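Let's take a quick tour of a protein structure. Have a look at it first, then read on.

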Amino acid sequence: MTDARDTAPPLRPARRFDDGGRREEDPLTLQAHREFVPGQQLAPEPQDAEADALLAPGFERRPRRRWLAGLLLATLLLGGLQFGAWLLDAWRGDSLLGVAWSALALAAIGLGGGALLRELWRLRQLRGHMLLRDRAGDHWGSEAIGEGLALCQQLRKDSGIAEQDPRWQAFLAGDAAHHSDAERLQRYARHLLTPRDQQARAEVSRAASETAVMVAVSPLAWVDMLLLAWRTLRMLERIAGLYGLRLGYASRLQLFRSLLLNMALTGAAELASDAGADLLALGVAGRLSTRLAQGLGAGLITARLGFRAMALCRPLPFGEGERPRLSTLRQALLADLQRLAGKDRESNRPQEQYRENQPR
Amino acid sequence: MGVTRTLRNHVRRGLDTQLRLAVTGLSQAGKTAFITSLAAQLQHPDAALEWLGAAREQRLLGARRLPQPDLGIPRFPLDEALEALQSDPPRWPEPTRGLSEMRLAIRYRRGQGLQRYWAEDATLYLDVFDYPGEWLLDLPLLTLSYAEWSHQALQQARELRAGLSREWLQAAQRLDPDAEADENRLAEVAALYTRYLHAAKAAGFALIQPGRFILPGDLEGAPVLQFFPAPWSSEQLAAPVRSGSFRAALEKRYRHYRRSVIKPFYRDHFSRFDRQIVLVDCLSALNAGPQAVEDTRQALQAIMENFRYGRRDLLHRLFRSRIDRVVLAATKADHVTPEQHPRLLSLLRDLLAEPQQLLRYHALSLHSLCLAAVSATRAVSVDDGGKPHPALQGESLRGESLLIYPGDVPERIPEPAVWQQHQFAFSAFRPPRLPRQAPLPHMRMDQVLEILIGDHLR
């Protein structure tokens with residue numbers, strides 16, 4: 001504290017400018033002392049950085065295995081050259097079959113290399129997105145007026161929103177010079193992310209109810225597992241797409257991995273608070289039928305994963321009251337399943353009546 | 001048909017809510033401008049009120065002024081204030097003295113909750129009370145005896161404000177405590193004391209007790225305002241009081257002031273407020289100098305003491321305050337360049353550091369921000385030798401156009417060394433020229449509204 005006071009920059013006095021923009025000479029110019037100014041930008045405390053790394057695993061820059069990448073690239077290159085040479089030889093030797101094989105192999109290598117490059121590019125994009133998200137998170141509560149607008153601009157580009165988008169234009173129109181970084185980011189979230197949140201929430205609830213119903217009607221356990229995996233991956237991809245992330249194979253895996261890690265690390269408390277309500281709902285469903293309870297359980301897992309994925313893909317943290325809640329979804333799920341059970345019973349009823357009417 | 005409508009009306013009336021919002025601040029802090037702007041913003045809800053949830057979701061239908069329920073309280077002069085802002089050349093509204101009230105009926109559409117099914121449109125009756133922060137400075141008097149208060153007041157008069165209090169002190173010390181009390185003589189010396197308090201106020205001091213002496217409201221000239229702290233030594237004060245003497249008369253009036261002026265305010269008004277906003281003008285205090293800043297700090301501390309639930313039984317019984325949200329706002333944020341706002345906010349928090357901790361401890365919801373009720377300037381950037389330099393564009397109170405950099409705002413209460421080498425000179429601006437019916441430009445009024453009444457517009 002006292003250090004900060006000692007090194008605080010001198011206060012700049014009031015100044016008057018004439019309309020040409022030149023300022024009048026001022027006897028109290030203390031500009032020479034400006035060298036102290038960078039004192040404000042202190043490095044973040046190491047503890048915080050460690051905690052952040054723990055909470056958002058998988059996206060920090062890991063030491064790259066350069067030799068492996070080099071080896072792979074060299075193999076591809078040499079392979080390509082080799083096949084090129086073969087192709088030439090085959091051409092000269094008039095071996096048409098050889099030419100065809102070599103051309104095929106060359107095309108395969110080209111496609112493979114392209115796919116690899118695309119994967120790498122998408123991984124890079126994912127990491128860029130997550131780093132930007134971290135940076136925005138740092139400014140989320142900042143009352144300073146700094147790079148807020150630039151950050152919003154970057155978020156817009158990252159999410160693939162056009163400069164002419166009416167929402168972005170509305171955001172810019174309402175922007176004022178006195179808005180702090182936190183205020184700007186909140187406005188950005190309100191103008192550009194809230195509509196996406198709604199879409200994402202609808203996506204989660206659709207996936208959850210589909211999974212619930214499918215699992216409830218599916219006869220085999222391994223089919224349940226496949227269904228769950230299929231629906232969840234699809235939902236994840238859609239959510240990521242809504243927030244402007246295009247996933248490749250590797251980046252999808254990485255996102256999924258960090259999602260699971262994230263759930264394990266931070267979801268525990270949330271899980272504990274929700275568990276009671278979940279169990280209650282499951283109990284109600286269990287009364288109706290075991291299969292319904294299984295379906296509800298699967299649906300709830302999907303929804304939980306979906307909301308977590310929203311929090312992970314959304315470029316800004318959720319504000320107060322914006323976080324999607326499981327409670328409303330839980331009721332909707334139960335209602336869906338009950339409707340299903342009702343239909344089931346109705347379709348069974350004529351048979352029962354028939355059976356009752358049978359003479360014993 | 002008729003029956004349904006009557007029933008509907010009854011139900012609706014039962015669901016409408018009422019909220020009592022108190023606005024205070026030391027005089028010149030911008031209370032009148034704040035209330036005027038608040039009413040104007042709510043009356044034009046399509047204006048830029050982005051942070052107010054109801055306005056953003058286009059559920060805010062508008063506001064209208066209604067006759068107030070408390071007939072004993074002066075009306076807040078809203079029309080006059082709006083007139084002043086829209087006159088040519090525009091003027092700041094006349095400051096209000098004493099307590100005044102304004103009732104607004106705010107109509108909105110419900111966004112959530114079960115009540116939506118009963119009545120879609122609802123009305124929030126917002127009673128805005130404007131009272132001088134100086135009145136809250138009287139609270140400590142309730143716990144001080146006359147001798148204790150005299151001791152404290154004399155110390156203030158002799159130390160920080162010696163130049164201002166000399167005349168009164170000399171006159172007061174010529175009085176003999178045990179002599180027969182002379183009404184006229186008392187009135188004369190009390191007038192000198194009042195003049196000293198006014199001079200202290202003008203010099204930028206904020207901690208002025210008793211508060212009614214400079215803002216008497218309807219008590220102007222009444223004997224209850226004709227007393228002053230005892231200027232005598234502690235030996236003289238230790239002696240028994242002779243009835244009918246000067247000293248007895250002063251003590252009697254002091255007690256009467258406590259009983260009939262301070263307590264009724266707390267009992268009849270303060271204890272019924274739901275929300276409170278305290279406006280602070282940090283810039284004027286900085287302009288006035290180190291004593292004024294220190295004094296403002298003490299005054300704010302004394303004011304904030306009011307929001308803390310009774311430390312002693314006496315206070316506890318007097319006001320079981322219902323206030324559950326307090327907003328501390330640094331006003332006139334448009335008088336400094338935008339990049340200084342974080343510093344202004346941090347200075348405000350430094351001024352209020354101790355009371356803030358207390359309020360947090362008492363689990364009151366507390367928010368601080370800097371705002372401009374009516375934004376009088378435009379933030380621009382000028383070319384300062386090739387580099388952009390922030391500046392403000394506006395008109396001075398006399399009407400000349402200004403393009404200035406008002407100076408840095410210190411992040412904390414300045415150290416003595418800073419005062420020696422730095423002169424704060426924040427300029428005053430006059431209100432902007434606006435076309436008729438145009439919304440008043442503001443800074444963060446919508447955020448304040450969201451904090452103060454947003455939860456009742458759901």
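Here is a short briefing on overall shape and on salt bridges.

This is a predicted model, in which local features need pLDDT of at least 70, side-chain atom pairs count only at pLDDT 80 or more, and totals for chains, interfaces and linings use all residues. Residues are numbered from 1 along each chain as its sequence is written, chains are lettered from A and ligands numbered from 1 in the order in which they are written, and side-chain values use heavy atoms, leaving out hydrogens and water.

**Chain B overall**
- Chain B has 16 helices and 10 strands (DSSP runs numbered from the N terminus: H or I, at least four residues, for helices; E, at least two, for strands).
- Of its 458 residues, 56% are buried (under 20% relative accessible area; exposed is over 50%, partly exposed in between; 1.4 Å probe, protein chains only).

**Salt bridges**
- Across all chains you'll find 35 salt bridges (a side-chain nitrogen of Lys or Arg within 4 Å of a carboxyl oxygen of Asp or Glu).
- Glu183(A) and Arg444(B) pair up at 2.6 Å, N to O. Glu183(A) sits in helix α7 of chain A and Arg444(B) in a loop of chain B, so this pair joins two chains. Both residues are buried.
- Asp127(B) and Arg103(B) form another bridge, at 2.8 Å, N to O. Asp127(B) is in strand β4 and Arg103(B) in strand β3, so the pair ties together parts 24 residues apart in sequence.
- Glu395(B) also bridges to Arg433(B), at 3.5 Å, N to O.
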